[in-house]
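Me: I am new to this structure. Please show it, and then let us go through it together.

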Amino acid sequence: MCARWAADHGYVIARELLVRSLRPDHCALWDGVRPGLDLFVAPSRRVLESALSSVEEFTDECARRGVRIETVGRAEPSYDAQAKARVHRRLSMPTAGYDGR
């Protein structure tokens, strides 16, 4: 979802962070971020609320550092039982010796 948004707006995803309740000033968020050039993209506010300990503090930190933050604004995908089973299978296969081919 974010990669599609980035491509549509002339950006390339350089790094993907999978975090939960991270502090807004944590170095993992800011390592290598260039003010005025880079931006954060998240699928939705809900995702930001899960990823960060405080979305408001993160928004303030982005403004302080001169870095934009964007949300994709598209509906999050919904999964039926078959889609959930496919995702579960893909996630569990690496631990069962599946190499992605």
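Reply: Accessible areas here come from the Shrake-Rupley method with a 1.4 Å probe. The model is predicted. On that basis, the accessible surface of the protein comes to about 7,500 Å². The share of this surface that belongs to carbon and sulfur atoms is 52%.

Me: Which pattern does the protein follow along the sequence?

Reply: Five helices and two strands make up the list of elements. Reading along the sequence gives their order, α-α-β-α-α-β-α.

Me: What percentage of the residues count as buried?

Reply: A residue is buried when its relative accessible area is under 20%. The protein has 101 residues. Of these, the part that counts as buried is 23%.

Me: Which element supplies the largest share of the largest nonpolar core?

Reply: The largest nonpolar core has 13 residues, and Leu29, Trp30, Phe40, Leu52 and Phe58 have the most contacts inside it. At least two residues each come from α2 (27-30), β1 (39-42), α3 (45-51) and α4 (55-65). The largest share is three residues, and it comes from α4.

Me: How many residues are in the other core, the one that lies apart?

Reply: Cys2, Ala6, Leu39 and Val72 are among its members. The size of this other core is five residues.

Me: Which residues is Trp30 in contact with, leaving aside neighbours within four places in sequence?

Reply: Contact means heavy atoms within 4.5 Å. Trp30 is one of the residues with the most contacts inside the largest nonpolar core. Beyond its sequence neighbours, Trp30 is in contact with Pro24, Asp25, Phe40, Phe58, Glu61, Cys62, Arg65 and Val67.

Methods:
Residues numbered from 1 in each chain as written. Predicted model: local features only at pLDDT ≥ 70, side-chain atom pairs only at ≥ 80, totals over all residues. Heavy atoms only, no water. Core = buried A, V, L, I, M, F, W, Y, C linked by side-chain atoms within 4.5 Å. Buried < 20%, exposed > 50% of the residue type's maximum accessible area, 1.4 Å probe, protein only. Helix = DSSP H or I, 4+ residues; strand = E, 2+ residues; numbered from the N terminus.
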